[in-house]
Amino acid sequence: MVRKNSPRVEEPSKDDLEVGTPKAWAAGIPGVLHSMVPALRDMGVDRSRKTLLAMNHRDGFDCMSCAWPDPDHRKAFEFCENGAKAVTWEATPITVESDFWAEHSVSELRQKSEYWLGQQGRLTEPVHKPAGKDHYRPVSWDEAFAILGAKLNSLKSPDEAVFYTSGRTSNETAFAYQLFVRAFGTNNLPDCSNMCHESTGWAMGQTLGVGKSTIVYDDFGKSDLIIIMGQNPGTNHPRMLTALEEAKNNGAAIVAVNPLPEAGLLRYKNPQEVKGVMGRGTDLADQFMQIRLGGDMALLQAVSKRVLEAEDANPGTVLDREFIEGHCEGLDELKAHLARLDEDAVLESTGLALEEIDELAERYLKADRVIITWAMGLTQQKKGVAAIQEIINLLLLRGNIGKPGAGASPIRGHSNVQGDRTMGIWEQMPPVFLDAIEKEFGFNPPRKHGTDAVQTIQGMRDGEMKVFVAMGGNLVAAISDTHAAEAAMENVEMTVQISTKLNRSHTVVGEEALILPTMGRTEIDRQDSGVQFVSVEDTVCAVHPSWGKVEPVAPNLLSEVAIVSRLAQATIGDKVKVDWAGFEKNYDLIRDHISRVVDGCENYNQRIRQDGGFMLANGPRDSRTFHTPSGKAMFTVNDLEHVQCPPGRLVLQTMRSHDQFNTTIYGHDDRYRGIKKGRQVIFVNPADLARLGLADGQFVDIHGEYADNVERVLRNYRVVAYPSARGCAAAYYPEANVLVPLEAVADGSNTPVSKHVVVRLEPTGVNKVAGTSAKA
């Protein structure tokens, strides 16, 4: 049987893989074509016009592909290639029809790729997999909520349930969701931030008193020096390239610190500028530092040491003494610690030359306004928290916090992961937030900390958790140690996914399973009081509304807010005094509660309706005030720890291709790295290949090595000779997650260490070398 709107899904074989030359520039006309052609083909002219021209605009919807902030003056085509792909993926008119579930068993779906699952179209009706069955079956919404509510109420303790959240969830949904979960009686609220920027939150919280960016969008254009660490903006947040171009045009220097020479760090061809279309574009990085994986903390300490030595050589001329004496503490301890820094250990850890480090230090000393920006290349290291604390140390030394053009700039990948945390999606919300919940709603929320993402997998594995509910996301694919995560998910009694489209987590299920389809951000949300909007917070603490622009793909879809509201009514009823039905009818009611519970969100309904929304207060940025125990910014001391790689091994990082968003696979190309029609590749420096006795194009098995001696392996991967840092390799996420042990987590934040995986490469049974490579 063929469904009438069945999509064409072409899965390339191993023999289809083409390897060409990596690109030296990002965006340009190819980016436009790779945006518009799929959109027009899959959505049509009208749906493409209504979505793409409304994305990131004040009267439109917020792009779901990243949390990059929007400039005050936005152009008509204020979107990027991956943003367009995200909209095309979500707003497709192709739907999963009722007969699909009879055609495909769960066991069969589990054999499909992430790409195939996503291409099946939008989910349109609730489905239930009963215990002992291998097929989902369509059910009514009332039946679905009754099944889930009864299951939750049958648990011996609310802590036997866990409620996961994706960063694409709106502020209104997040607030209602955490309120329901805490009214139910648990703080088990893991989210995607546990796996990405948790290290940022811990490091900045301890040193500055806030785990968020201390800059605004316009600061990029005012900076003298921007240091970009552990990120690939050309693929993961392409709109950042426009801000970097503006900074360059205003005279800023840019330094890129990364194990791979990413195209988006080198040169940008802005498709909205003549020089980007007809000319060379803009050279971005004035200095590219190809650092070894895990060497960032050593580099930052070395630069800070040079700043302190420059001050000793010329007292009173280098450090911002007024700022330090008035707003900081711990400098003497840091100075004494860095005086003992082993320079040889720095060079070994970083793989850099002494002259490169000196050059960066000179650039920092000459600049009056410095921004340091980073992403998961730092946060997913064993010492990720310490590395980010060293960023703060370096910034504090010359007062680069709380002044225009300067500050700490973590770049969030999910569009509203920061807003979700602001709204209470965290397993460790502080007492002041819980006290406000109690005052507003008249019940005492649980105070015991819940479980984060890694602890959730461990709890399900150990039989401590019986029900898993996910508001979006794809935890099984996103979390480390894939086989362990899948076994843990299968060990629970019920799994529930609230989703727009199929993914791996719908196929790896508990004894019983539910899928609840939801509307997407692109769709018009009509409720009893009229058309609703939601709000999101971007990576620089700006909160703005988001309005859907196209009709929902099916009349039976519920919004995320409606799903939470009805689930709460089916589970806890009137046990707490919350107008759940009112929440669904009018989201203003939720925002009224937010204004009285969430610090900084006073008068939320009025402020969110202002032109462009509003900016949340930020003590370090706004007034150089720091909500630490001492009331001052903290210099911190961290022991340098260089993790040795055993002989004959490499250190591997997981990363995205250009044709994906997190675990969502849009296609099989990685245009900037020269890869077409395939993902089963490992990028290795040619010198390392020679050292290991391997050849470009050879097929290998990748074995992860960890102290527990569990076999973790990716088989039959093609080696690609690539200009990566010596001793370092890279492979695509989520496939390579199988190599990352569940217990391998960052100190302090418990974030999976996906940027320092020790591997050995063994030739496959058939050691054939690939044929002639096609050019990308």
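This is a predicted model: local features need pLDDT of at least 70, side-chain atom pairs count only at pLDDT 80 or more; totals for chains, interfaces and linings use all residues.
Colleague: Why is helix α13 called oblique to helix α17?

Modeller: Helix α13 (residues 296-313) and helix α17 (residues 354-366) pack at an angle of about 60°, with their axes 9 Å apart. Angles under 35 degrees count as roughly parallel, over 145 as roughly antiparallel and 65 to 115 as roughly perpendicular, and the rest count as oblique, so α13 is oblique to α17. The crossing of the two helices is right-handed.

Colleague: Which residues make that contact, and what are they by class?

Modeller: From α13 the contact is made by L299, A302, V303, R306, V307 and A310, and from α17 by L354, I357, D358, L360, A361, Y364 and L365. By class, the contact of α13 with α17 has 11 nonpolar, no polar and 2 charged residues.

Colleague: What makes β10 and β13 the edges of their sheet?

Modeller: The open sheet is formed by 5 strands in the order β10-β7-β6-β12-β13, and the pairing is parallel. Strands β10 (287-289) and β13 (407-410) each have a single partner strand, so one side of each is left without a neighbour in the sheet. From one strand to the next, the twist averages 15°.

Colleague: How do you know that β6 and β12 are paired?

Modeller: Two strands pair if at least two bridges are found between them, and 5 bridges join β6 (residues 225-229) to β12 (residues 370-374), the two running parallel. Within this pairing, the bridge partner of M229 in β12 is W374.

Colleague: What packs on this sheet, and which strands are touched?

Modeller: Helix α19 (residues 384-397) packs on the sheet and touches β6, β12 and β13, and the direction of α19 makes about 175° with that of β12.

Colleague: Why is strand β14 described as largely enclosed by the rest of the structure?

Modeller: A residue counts as buried under 20% relative accessible area, and 5 of the 5 residues of β14 (residues 467-471) are buried, so the strand is largely enclosed by the rest of the structure. Residues V467, V469 and M471 point one way from β14, whereas F468 and A470 point the other way, and all are buried.

Colleague: Which strands does β14 pair with, and over how many bridges?

Modeller: Strand β5 (residues 161-165) is joined to β14 by 5 bridges, and the two run parallel; in this pairing A161 stands opposite V467. Strand β15 (residues 494-499) also pairs with β14 in the parallel sense over 5 bridges, with F468 standing opposite T495 in β15.

Conventions. Residues are numbered from 1 along each chain as its sequence is written. Side-chain values use heavy atoms; hydrogens and water are left out. Axes are lines fitted to C-alpha atoms, for helices over the stretch in contact, and angles run from 0 to 180 degrees between N-to-C directions. Helices (H or I, at least four residues) and strands (E, at least two) are DSSP runs, numbered from the N terminus. A crossing is left-handed if the near helix is turned anticlockwise from the far one by less than a right angle, and right-handed if clockwise. Contact means heavy atoms within 4.5 Å. Ala, Val, Leu, Ile, Met, Phe, Trp, Tyr, Cys and Pro count as nonpolar, Asp, Glu, Lys and Arg as charged, and the others, Gly among them, as polar. Buried means under 20% relative accessible area, exposed over 50%, partly exposed in between (1.4 Å probe, protein chains only).
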